[in-house]
Amino acid sequence: MRLTEEMQRVVTEQGLGFVATVRPDGTPALSPKGTTRVWDDGRLVFLHLHSPGTVANLATNPSVEVNVVDPIRRKGWRFAGQATVHTGGPLFEEVVAWYARPATAPPAKAVVVIDVDRAEELVSPAYDSGASETEVAATWRERYLATASEPDAMPAEMRWPAHLHPGALRWVRSSTSYADTVAFYRDLVGLPVVGSFQGSFGEDGTIFGLPGTATHMEIVRSEVNAASADRFDQIVLYLADDSAVERAIEPLLAAGVTPVGAPHPYWEANGGVVFLDPDGRGVVYAPWIFGSQPDPVDRLTGTSAG
Ligand SMILES: Cc1cc2nc3c(=O)[nH]c(=O)nc-3n(C[C@H](O)[C@H](O)[C@H](O)COP(=O)(O)O)c2cc1C
């Protein structure tokens, strides 16, 4: 069969197939192959680097199934076909040369070429609720980043604890200037609206993605008297640098909204620009990325203000 562009895209992007073969005693065998690639419009290929079992199984039964799944989008393909194992010859040489692996990489003991004769899409039950691909991907991207285990990834003590692993995080604010506050975050700050409701359990609300749905802020209409917002009641948007801040605040300035003069000396010292929303809560545009870079004031003085 012909592998569609979509199938080829997923295989090429992921490069990791779970390959099922049948042992001589009839039991199944499954193992991952990170060298899984598209060889041409009808064939997949992987390298036998440390797969003695798979290759031995194929000698007695060339039937094979391969699952390639995008773990973020929670979709993929299952391919079924017949495999041929090449330990030498022109195709072996051609495939090995095409991989262009570094000389230090373990040598390929064989090349396994799969003639695909059937393909079925794999779709996670995460979509059963009607969730969009963007929503599903946002949740799993977040989880992936939170659990990534590269040496320089988030230190273990900063990750969600084992017993608490939310798939999405929301904070809720009540607003006595609901329409103006929603317009402020939607039109001037520019946050995407990912949901809204009218008269739901008696309430009106608008949900802003930051972005997507994994982290979001909900504004709910409040009919009670406004409580005055504390000066520390803020959201902080950490942007790459001063020019990123300038670009981000353009719509506010163009609408005639002016920054408030340093509600706290910390923001002034660090080059932050602060606006107040219609409820009097702060939106801080900070010209550095918290967690990746030190505060600008620390970079200048070499001290740590915490
Ligand atoms: C992420 C990952 C990718 C792997 N990629 C390959 C591969 O491309 N080729 C290979 O021969 N072994 C690869 N391995 C190792 C085999 O899966 C592993 O040695 C397995 O035990 C082989 O089982 P088998 O002998 O039944 O085939 C990979 C393992 C992991 C965890």
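**Close-up views of a predicted model**

**View 1. The seven-stranded sheet of the predicted model.** An open sheet is formed by 7 strands, and its order is S2-S1-S5-S6-S7-S4-S3. The pairing in this sheet is antiparallel. The edge positions are taken by S2 and strand S3 (37-40); each has a single partner strand, so one side of each is left without a neighbour in the sheet. Averaged over the sheet and with direction ignored, neighbouring strands are turned by 35 degrees against each other.

**View 2. Pairing of S1 with S5.** Strand S1 (residues 17-22) is joined to strand S5 (residues 63-70) by 3 bridges, in the antiparallel sense. Within this region, Ala20 stands opposite Glu65 in S5.

**View 3. Helices H1 and H3 lying across strands of the sheet.** Helix H1 (residues 5-14) lies across S3, S4, S5, strand S6 (75-86) and strand S7 (110-123). The direction of H1 makes about 75 degrees with S5. Helix H3 (residues 90-99) lies across S4, S6 and S7, and runs at about 65 degrees to S7.

**View 4. The shell around the ligand.** The ligand has 16 residues around it, of which Gly34, Thr35, Ser51, Gly53 and Thr54 come nearest. At least two residues of the shell are supplied by each of strand S2 (28-33), strand S4 (43-48) and helix H2 (52-60). S2 provides the largest share, with 4 residues. Sorted by class, the shell comprises 8 polar, 7 nonpolar and 1 charged residues.

**View 5. The four-stranded sheet and helix H5.** A further open sheet consists of 4 strands in the order S8-S11-S10-S9, with mixed pairing. Strand S8 (169-175) and strand S9 (193-200) are the edge strands, and each pairs on one side only. Here neighbouring strands are turned by 15 degrees against each other on average, direction ignored. Helix H5 (residues 178-189) packs on this sheet and touches S8, S9, S10 and S11. The directions of H5 and S11 make an angle of about 155 degrees.

**View 6. Pairing of S10 with S11.** Strand S10 (residues 203-209) and strand S11 (residues 215-221) run antiparallel and are joined by 5 bridges. Ile207 stands opposite Glu218 in S11.

**View 7. Domains of the chain.** The domain assignment divides the chain into domain 1 (5-123), domain 2 (125-165), domain 3 (168-227) and domain 4 (230-306). Between the C-alpha centres of domain 1 and domain 3 the distance is 48 Å.

Conventions
Residues are numbered from 1 along each chain as its sequence is written. This is a predicted model: local features need pLDDT of at least 70, side-chain atom pairs count only at pLDDT 80 or more; totals for chains, interfaces and linings use all residues. Domain bounds come from an automatic or database domain assignment. A residue is near a molecule or strand if its C-beta atom, placed from the backbone, lies within 6 Å of it. Ala, Val, Leu, Ile, Met, Phe, Trp, Tyr, Cys and Pro count as nonpolar, Asp, Glu, Lys and Arg as charged, and the others, Gly among them, as polar. Two strands pair if DSSP finds at least two bridges between them. Axes are lines fitted to C-alpha atoms, for helices over the stretch in contact, and angles run from 0 to 180 degrees between N-to-C directions. Two residues are in contact if their C-beta atoms, placed from the backbone, lie within 7 Å.
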